[in-house]
Amino acid sequence: MLVVLSQFPHGAPDLEKRTAQGRCDLYIQTREEADAKPIPAAIRAKADAIVHYPAGTTIEGKTADWPNVRAVLRSGVGYDMIDVAAWSKRNVAVFNVPDYGTSEVADHAIALMLALTRGTSSYHDLIRANPTANWHHLKAPVVRRLRGCTFGVVGLGRIGLAAALRARAFGMDIAFCDPFQPAGYEIAVGAKRVKTPAELAAISDVLSIHAPSAPETVGLIGKDVLAKAKKGMVLINTARGAIVDLEALYDALKSKRVAAAGLDVLPEEPANPNNRLVRAFLAREAWLEGRLTLSPHAAFYSPASLVDMRVSSLTNVLAHLETGSLAACVNAAQLKTKSK
C-alpha cells in the first residue's frame, strides 16, 4: 500500500515512518515542495490514501487524478478545504483527527478569557512600557469577577464541553447553543440551552466559539448577534476565523457593546494589517488598548498534541485500508458500503 503525505510540515517524518513500518510505503511531499514539486502522476495513480496536512489548503489536483485512493484524511480538526462531496461520489472515506488538541484548545480559550478578565496581558504590556507610572491595578480595563458570570458556548462538542467544564471550575454558569446535540443533552451536562447564537449572546458574560467551519457558520457571529450581546460581553474565538465578522466586531468593540475579544483565529491568516480591527490593534489605538488579544492560530499546539495528531493521522488511515474502520470518518453516511 502507498500513502501520500501531502504538504507535510513537520520536518523529519520519524513518527510517520515508525507508524508505517511494515504496513505501507510513504511518499512524502513537504510543505516547502508543494508549489515547485507537484506529486508525480505515477504516484497519484498508485496511491491508496492521502494524508493532507495544512489547514486552509487543498489537495493537489482533482479527485480523478487519484484513481485508487480509498481514504483521505485531513490532519487536523477542520476539513472545510477537502472536497468531501467529490470524494463521496467516488465512495472514498474522508477522515479528520477530531480529538488530538481538545485539551489544548479548551485551555487556550480559558487563557484568553483570563488574559482579558484578569488583566494579565494589559499589566504585562503596561509595566514593560513604564514600570513606575503603570504600577496600578486600575490600568487593565476589563477586569471582573468570574464567579457567578455566564460562560456561553457556541458548539458544545468535545472542545466546547471541555472549555465549559474548565469555566465551571471558576464558578461560572454554563449556557450553550448547539442544534446538533440531542434533546436532553443540557440535562446531562447541567447547562442552560438556548436556540440561537443571538439568544446566547444576550445572556453571556463570556461567549466562547467552538463551532466547526461550514457554509452556515461563516459570519455566524456578526452584526445581528453582536447587537444583542449582553452589555460588556467578552468574545473568545478559538474555532475558525470566518465564524466571526471582524467588521461587526470592530463596531461592537468601538461602541463598547462588547467589552473585549480574544481571538486565536482570523478570517485571513496571517493577520491582514489592512483590516480595520487588526489595524487598530497594531497601531495601539487608545480605545482598543487592553480590550483585544490575538494569538497566531496556536490554540491547538503543544508538543504532545502534535505527536497525537501525527500518529493518529496515519493510524486512522491505515485502519481503514486494513479493516474498513470508519472511526473519525466525516462522510460515513454518504458511503455506499461500510466495509472494506
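In this predicted model, the axes of helix H4 and helix H6 (residues 158-168) come within 8 Å of each other and cross at roughly 50 degrees, where axes are lines fitted to C-alpha atoms, for helices over the stretch in contact, and angles run from 0 to 180 degrees between N-to-C directions. H4 is therefore oblique to H6, since angles under 35 degrees count as roughly parallel, over 145 as roughly antiparallel, 65 to 115 as roughly perpendicular and the rest as oblique. The crossing of H4 past H6 is right-handed, a term used if the near helix is turned clockwise from the far one by less than a right angle. On the H4 side, Thr102, Ser103, Val105, Ala106, Asp107 and Ile110 meet Arg158, Ile159, Ala162, Ala163, Arg166 and Ala167 of H6, contact being defined by heavy atoms within 4.5 Å.

Helix H4 itself comprises residues 102-117, and its 16 residues reach 23 Å from the first C-alpha to the last, close to the 22 Å expected at 1.5 Å a residue; the expected span is 1.5 Å times one less than the number of residues. Helices (H or I, at least four residues) and strands (E, at least two) are DSSP runs, numbered from the N terminus. H4 is mostly covered, with 12 of its 16 residues buried, among them Val105, His108, Ile110 and Leu112. Buried means under 20% relative accessible area, exposed over 50%, and partly exposed in between (1.4 Å probe, protein chains only). H4 is followed by Gly119, which has a positive phi, near 75 degrees.

Two of these buried H4 residues, His108 and Leu112, are touched by Ser295, which also touches Leu263 and Asp264 when residues up to four places away in sequence are not counted. Ser295 lies in the loop between strand S12 (292-294) and helix H12 (303-323), and it is classed as buried because its relative accessible area is 17%. Its side chain makes a polar contact with the side chain of His108 at 2.9 Å, a polar contact being a pair of N or O atoms within 3.5 Å, of which, within protein, one must be able to donate a hydrogen and the other to accept it, while residues adjacent in sequence count only if both atoms are side-chain atoms.

Residues are numbered from 1 along each chain as its sequence is written. Local features need pLDDT of at least 70 and side-chain atom pairs count only at pLDDT 80 or more, whereas totals for chains, interfaces and linings use all residues, and side-chain values use heavy atoms, with hydrogens and water left out.
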